[in-house]
2 protein chains.
Amino acid sequence: MARTNKKKNAAPKLYADRLAAARERMASKKLAGYLVTNHMDYHYLTGFTGEDSALLLTPRRAYVISDTRFEEALRQECPWVPTVMRKALIEDAIGALCGRLKLDRVGIQADHMTLSSHQTLRKAAKPTKLVSAPPIVNGQRLCKDNSELKILDQAIKIAQDAFKAMCRSIRVGQTEQQLAARLEYEMQKRGATGPAFPTIVAEGPNAALPHAHPGARKVKKGSAILFDWGATYRFYRSDLTRMVFVGTIPPKIRKIYGVVLEAQQKAIAAIRPGVRGFDVDGVARKHIKKAGYGKYFGHGTGHGLGLDVHEAPAVSFRSQKEKLEPGMVVTVEPGIYLPGIGGVRIEDDVLVTADGHRVLSSLSTEMSDAVLK
Amino acid sequence: MARTNKKKNAAPKLYADRLAAARERMASKKLAGYLVTNHMDYHYLTGFTGEDSALLLTPRRAYVISDTRFEEALRQECPWVPTVMRKALIEDAIGALCGRLKLDRVGIQADHMTLSSHQTLRKAAKPTKLVSAPPIVNGQRLCKDNSELKILDQAIKIAQDAFKAMCRSIRVGQTEQQLAARLEYEMQKRGATGPAFPTIVAEGPNAALPHAHPGARKVKKGSAILFDWGATYRFYRSDLTRMVFVGTIPPKIRKIYGVVLEAQQKAIAAIRPGVRGFDVDGVARKHIKKAGYGKYFGHGTGHGLGLDVHEAPAVSFRSQKEKLEPGMVVTVEPGIYLPGIGGVRIEDDVLVTADGHRVLSSLSTEMSDAVLK
C-alpha cells in the first residue's frame with residue numbers, strides 16, 4: 001500500500017499563490033480535482049524537481065505522488081506538500097488517492113499522459129471519472145514573475161559567458177560537433193544542468209538548414225558558422241543564435257546578415273503589450289521580403305520561453321489571436337537561408353514590459369564583433 | 001495535402017530482415033498495419049534518425065511519415081522508404097494514409113502515444129480501427145546483431161576513454177557538477193551525441209543515494225566518489241559505474257568495495273544462455289547478504305542495454321520468467337549504500353554469448369587503480 005504523509009506547514013507564498021490561481025481555473029472548469037503529469041507544470045506549482053511523479057490538485061490540498069528515489073528532494077524542496085510514496089505503479093497510487101478523496105471528476109493533461117497510462121489509470125481510479133482538461137497551468141506560465149525572471153536572466157548569462165569562452169577556443173580544423181561539445185561544457189561549468197535543447201552548430205552550407213545537427217564539417221578560413229544554443233538553469237531555458245566568421249565574411253553572407261539584423265531589430269522595436277505575435281512576425285517578414293529574400297525565411301519569428309524552450313506565445317504568422325502581455329518572454333529570431341550557400345539567423349530573448357520591452361540578452365550583434373581574427 | 005514519395009529501391013538487407021521479422025509478428029496478431037511511434041523502434045527498423053515522425057508498417061511496405069525538417073536525413077539514411085511529408089498535424093497525415101491504404105485494423109504503441117494524439121488520430125483514421133498492440137519491435141531488439149554490437153562497443157569505448165581523461169583532470173575543490181560536465185564533454189569530444197542518461201557524480205555521503213544528482217559538493221582529500229555514466233553513440237547507449245578515491249580509501253568504503261566487487265564478479269560469472277535475470281541477481285544478492293549488507297542493496301542487479309538505457313531483459317529479483325539468450329547485453333551493477341556515510345556500486349556491460357558471456361567494458365575494477373594520487 002502507498003504511504004501518505006500529511007504535512008501541516010503552509011506553502012511559501014510563491015507556491016500558495018500559484019496553486020490558488022490553478023484552483024480557481026480548476027473550479028471554473030467544474031473539476032473536483034486536476035491531475036498534473038507535466039513535470040514542468042508540477043515543478044512550477046510546487047518547486048519539486050523529481051521526475052516520474054505527479055501532482056493531484058484538489059479544492060483544498062495538493063498531493064505529490066512520487067517514489068522513494070525522490071524522498072530527499074521532496075523533504076528539501078516542498079516539505080509542506082502531502083506526499084504519496086508509491087510502491088508499485090503510479091497509476092494505482094493515483095487511483096487509490098482519487099478514491100480515498102472521493103473525487104467524482106478529475107481533469108487530466110492529455111498532452112502529458114500516454115495512452116497506456118490512461119488505460120491503467122482509468123481502471124485504477126474508478127468510480128472517479130477522468131476528463132481531458134483544457135490547459136490550466138499553461139495560462140499561468142505565460143507571464144513570468146520576478147522569481148522566474150531572475151532565473152531566466154541567469155540562464156541567459158550562463159549561455160552568453162559560455163559562448164564567449166567557446167569562441168576563444170575556436171580553431172581551424174575543429175568540427176561542428178567539437179564546437180557544440182565545448183559550448184555545452186562551458187555552460188555546464190557555469191552551472192547549467194545541460195543545454196536547453198540540442199545545440200546547433202552549422203558551418204557554411206549547413207547553416208542553410210534551420211535544424212542542422214552538428215556533424216563532421218570542419219572550421220575553415222573564411223567559415224561562416226551559425227550557433228543556436230541555450231542553457232537550462234534551474235529548469236528555465238535560454239535560447240540564442242549568433243554567427244561567427246573565421247577571418248573574413250563571405251560577401252553573400254555579409255549581405256543577408258545586414259538584412260536579418262535590421263529585420264530582427266525592427267521586430268524587437270515592435271514588441272509591447274497589446275501587440276500580437278503575428279504583428280511582430282510581420283515586421284520582420286516584411287523587411288526580409290522587401291530586401292528580396294521572402295522565400296528564404298520559412299519559419300516563424302519567435303516563440304515564448306520559460307520552463308519549456310518552446311512555449312506560448314508564438315511570434316509567428318500563425319499567432320493571429322493572442323496579444324502580448326507584460327511578463328511574457330519571447331525569442332526574436334528571423335533568418336535567411338540560401339540553399340547550398342549558407343544561412344544567417346540572429347536571436348535574442350526579449351521581455352514584454354508594461355511600456356514596451358526589455359532585451360534580456362546582451363551579446364553583441366555587430367557584424368564586426370562576430371569576426372574571429 | 002501531404003506529399004507521398006514512392007521509392008522503388010529495395011531496403012538494405014539489415015533493414016529488410018528487421019522489417020520482415022516485424023511483419024511476421026504483426027501478421028500473427030492479425031493486424032493489417034502497425035504504427036511505430038517510438039523513435040528508437042522506427043530507427044531500428046529503418047535507420048532513420050529524425051524525431052517527431054512515425055513508421056506505418058503494412059504487409060508489403062513501410063512508410064515514414066515526417067516533415068520537411070528531415071527531408072535531407074530521409075534522403076541520406078533510408079532513400080528506399082516511401083515517405084509522407086506532412087504539412088500539418090502528423091495524426092492527420094497518418095489517418096489519411098490509413099484511409100488510402102484501406103487498412104481495417106492498425107496496431108498502435110500505447111506506451112508511445114499521448115492520449116491527445118490518440119484522440120486526434122482516432123478521428124483522422126476513421127474507418128480504420130486502432131488497437132493497442134502487444135510489443136512487436138521490443139522482442140526483436142532483445143538480441144543484438146553484429147552491427148549493433150559494433151556500435152555498442154564504440155559507445156563503451158567512448159565512455160571509458162572519456163572517464164580516463166576526466167580522472168586526469170580531477171582536483172580537490174572541484175564540484176560534482178563540474179566533474180559531470182567534464183566527463184560529458186570528454187565523451188562528446190570523442191563522438192558521443194550526448195550522455196546516455198543524466199551523469200551521476202556523487203561524493204561522500206551523496207553516494208548513498210542511488211540516483212544522486214551532481215551538485216555543489218566538492219572533491220576533498222579522502223573523497224570517495226561514485227561515477228555512473230554512459231555515452232550515446234549512434235543512438236546506442238553504454239552504462240558504467242566506477243568509484244574514484246582521492247588519495248586514500250575510507251575504511252568503511254574499502255570494506256564494502258570488496259564485497260560489491262566480489263558480488264559483481266560472481267554475478268557476471270553466472271551469466272549464460274538459459275539462466276534467468278532472477279538467478280544472476282540472486283548470486284549478487286546472496287553474496288551481499290552473506291556479508292551482512294543485504295538491507296543496503298535495494299535495487300536490481302542490472303538491466304538490458306541498447307537503444308534505450310533501460311530495456312529488457314531485467315536482471316532483477318522481479319525477472320523470474322525470461323531467460324537470457326545469446327546476443328542480449330545487460331549491465332551488472334550491484335551496490336551497497338550506507339545512509340549518511342557513502343556507497344559503492346560497480347557496473348559493467350556484459351554480452352550473453354552462445355557458451356557463456358563476454359564482458360564488453362574493460363575499465364579496471366582493482367581498488368588500487370581507483371585511487372588518485
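How many bridges join strand β10 of chain A to strand β13 of chain A? Select residues 224–229 for β10 and 240–246 for β13 in chain A: the strands run antiparallel and six bridges join them. Before going on, note that this is a predicted model, where local features need pLDDT of at least 70 and side-chain atom pairs count only at pLDDT 80 or more, while totals for chains, interfaces and linings use all residues. Residues are numbered from 1 along each chain as its sequence is written, with chains lettered from A and ligands numbered from 1 in the order in which they are written.

Click Trp229(A) next; opposite this residue, in β13(A), is Leu240(A).

Now widen the selection to the open sheet of four strands, ordered β9-β10-β13-β21 in chain A, with mixed pairing (two strands pair if DSSP finds at least two bridges between them). β9 (200–203) and β21 (371–372) of chain A each have a single partner strand, so one side of each lacks a neighbour in the sheet. Strands here are DSSP runs of E, at least two residues, and helices are H or I runs of at least four, numbered from the N terminus.

- α7 (residues 146–168) of chain A lies across β10, β13 and β21, at about 15° to β13(A).
- α8 (residues 176–189) of chain A lies across β9 and β10, at about 150° to β9(A).

Angles run from 0 to 180 degrees between N-to-C directions, with axes fitted to C-alpha atoms, for helices over the stretch in contact (C-beta atoms, placed from the backbone, within 7 Å).

Last, colour chain A by domain: domain 1 is 3–141 and domain 2 is 146–372, with bounds from an automatic or database domain assignment. Their contact takes six residues from domain 1 of chain A and seven from domain 2 of chain A.

Conventions
Contact = placed C-beta atoms within 7 Å.
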